[in-house]
Protein chains: 2
Amino acid sequence: MAPLEEQMAFVAEVGKLKSVLRQTVLAEVGRPENSAEHSWHLAVMAMALADHAPPGTDLARVIGMVLVHDIVEVDAGDLFLYADASAHERQDIAERAAADRIFAILPAGQGAVMRELWDEFTERRTAEAKFARALDRLQPMLENFSLGGGTWQRHGVTAGQVLSKVELIEDGSATLGSYARDLVNQAVAMGILAADSAEGSGEEDQLDG
Amino acid sequence: MAPLEEQMAFVAEVGKLKSVLRQTVLAEVGRPENSAEHSWHLAVMAMALADHAPPGTDLARVIGMVLVHDIVEVDAGDLFLYADASAHERQDIAERAAADRIFAILPAGQGAVMRELWDEFTERRTAEAKFARALDRLQPMLENFSLGGGTWQRHGVTAGQVLSKVELIEDGSATLGSYARDLVNQAVAMGILAADSAEGSGEEDQLDG
């Protein structure tokens, strides 16, 4: 195939992400969010919240990462953040296989560049990846909060579980982490997020951070 | 309001774009596309098709433009590309008012920077804007083609009308323009896009380019 045909095949293939549904329900429309519009929202968040990334963060790279981070779900589907550890392990394997297949649709050099973005997001070592991952964690919290509970209530998620995810937001951005922590406390005070009982407080350790 | 609160208000406001429906029907899922997932697809197209932009094109700027280009539709809604000229004039006014309101939700300096991206896309003078606009025209053609006609058939659009839009794609990218022209010819040959009758061939001049 000519490079343009390979690129167009990739464009068509990733378009399937519009049909991958997430657990998050959109307050505005009362339907589940799909992974394509979620990715768009993260990219606009990266632009709007750029000054909360550490100084020197390469914003274009953050945006590139959030745009491609969920493409693997075309094959692997979306896994709920609060699924158990073994489900996350199976998901990791499926996503890696999906990345091998989907990025390889592009001309070789270009596929490698985009795969690097996906790997960087997944490995969460650079400031860019940490900020991108922080946005990915923050966005569903904002949706749940504006929906008055959302997946927190539907799946019986507790404040302790949400706070274990907030640590990852803090790792990407101090101010966004502190905003998220306030949001959790406010949600508990409003009665839309359950406080933890004493005996259940260690449960979040089993969950993927 | 503190800057972070303004930024978060903007993030929530633009999220409403997920509920703005376009005319394009998605082949994969059989439902109308919304403007948020459309914008995401354009951003990924910008990455995948970057080497078809003129040399020296600032890709990060193209991506910024396609991410924000439809935000005004939160207020103004989406107008079908082949609507008549007076509908396009009314839409332009509504979109400008929407841009005034929505970008002003952000802290002032930041709102101005994002508004500049939107203005640049709208005015279509720079290489970046021309490439971004080319992607915006190409994407629904790809969806219509893969759906076997889509909005072309539903709205009785003819090859001449589509080709008048192809000129704008050629203006942003020679190779993508030629790809789009081939697609139109192929669609006519396959019988999924109507050829023009001799007397109707001037009609596209009334349409917004």
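1. In this predicted model, the axes of helix α6 (residues 108-123) of chain A and helix α7 (residues 127-146) of chain A come within 8 Å and cross at roughly 70°, and α6(A) and α7(A) are therefore roughly perpendicular to each other. On the side of α6(A), the contact is made by Glu120(A), Phe121(A) and Glu123(A), while α7(A) contributes Glu128(A), Ala129(A), Ala132(A) and Arg133(A). Sorted by class, the contact of α6(A) with α7(A) has 3 nonpolar and 4 charged residues, with no polar ones.

2. The loop between α6 and α7 of chain A holds Arg124(A), whose phi is near 55°, a positive value in a residue other than glycine. Most residues other than glycine have a negative phi, which is the reason for drawing attention to this backbone angle here. Arg124(A) counts as partly exposed because 16 C-beta neighbours lie inside 10 Å. In chain B, Arg124(B) is placed in the loop between α6 (108-123) and α7 (127-146), and its phi is likewise near 55°, again positive in a residue other than glycine. Arg124(B), with 16 C-beta neighbours inside 10 Å, counts as partly exposed.

3. As to the arrangement of the two chains, a rotation of 180° with 0.0 Å of shift along its axis superposes chain A on chain B, with an RMSD of 0.0 Å, and the two copies are thus related as by a two-fold rotation axis. Of the interface residues of chain A, 100% are also interface residues in chain B, so the copies meet through the same surface.

4. The contact between the chains takes 35 residues from chain A and 35 residues from chain B. On the side of chain A that touches chain B, the elements giving two or more residues are α1 (3-14), α2 (35-48), α3 (59-68), α7 and α10 (174-190) of chain A, and among these α2(A) gives the most, with 10 residues. The residues on that side of chain A divide into 22 nonpolar, 9 polar and 4 charged.

5. Once neighbours within four places in sequence are left aside, Ala12(B) is in contact with Leu142(A) and Ser146(A). Ala12(B) is partly exposed, having 16 other C-beta atoms within 10 Å.

6. The largest nonpolar core has 114 residues, of which Ala43(A), Ala46(A), Val66(A), Ala43(B), Ala46(B) and Val66(B) touch the most other members. Not counting residues up to four places away in sequence, Ala43(A) touches Ile63(A), Val66(A) and Leu67(A) as well as Ala43(B) and Leu67(B).

7. Within chain B, the axes of helix α2 (residues 35-48) and helix α3 (residues 59-68) come within 8 Å and cross at roughly 170°, which makes α2(B) roughly antiparallel to α3(B). The contact is made by Ser39(B), Leu42(B), Ala43(B) and Ala46(B) of α2(B) together with Leu59(B), Val62(B), Ile63(B), Val66(B) and Leu67(B) of α3(B). The residues of the contact of α2(B) with α3(B) divide into 8 nonpolar, 1 polar and no charged.

8. A last point concerns Glu89(B), which is placed in helix α5 (residues 85-103) of chain B and counts as exposed, with 11 C-beta neighbours inside 10 Å. Glu89(B) and Gln110(B) are 21 residues apart in sequence and 28 Å apart in space, taken from C-alpha to C-alpha.

Notes: Residues are numbered from 1 along each chain as its sequence is written. Chains are lettered from A and ligands numbered from 1 in the order in which they are written. This is a predicted model: local features need pLDDT of at least 70, side-chain atom pairs count only at pLDDT 80 or more; totals for chains, interfaces and linings use all residues. Axes are lines fitted to C-alpha atoms, for helices over the stretch in contact, and angles run from 0 to 180 degrees between N-to-C directions. Helices (H or I, at least four residues) and strands (E, at least two) are DSSP runs, numbered from the N terminus. Angles under 35 degrees count as roughly parallel, over 145 as roughly antiparallel, 65 to 115 as roughly perpendicular and the rest as oblique. Two residues are in contact if their C-beta atoms, placed from the backbone, lie within 7 Å. Ala, Val, Leu, Ile, Met, Phe, Trp, Tyr, Cys and Pro count as nonpolar, Asp, Glu, Lys and Arg as charged, and the others, Gly among them, as polar. A residue is buried if 20 or more other C-beta atoms lie within 10 Å of its own, exposed if 12 or fewer, and partly exposed in between; C-beta atoms are placed from the backbone. Copies are superposed by least squares on the C-alpha atoms of residues with pLDDT of at least 70 in both. A nonpolar core is a set of buried Ala, Val, Leu, Ile, Met, Phe, Trp, Tyr and Cys residues joined through C-beta atoms within 7 Å.
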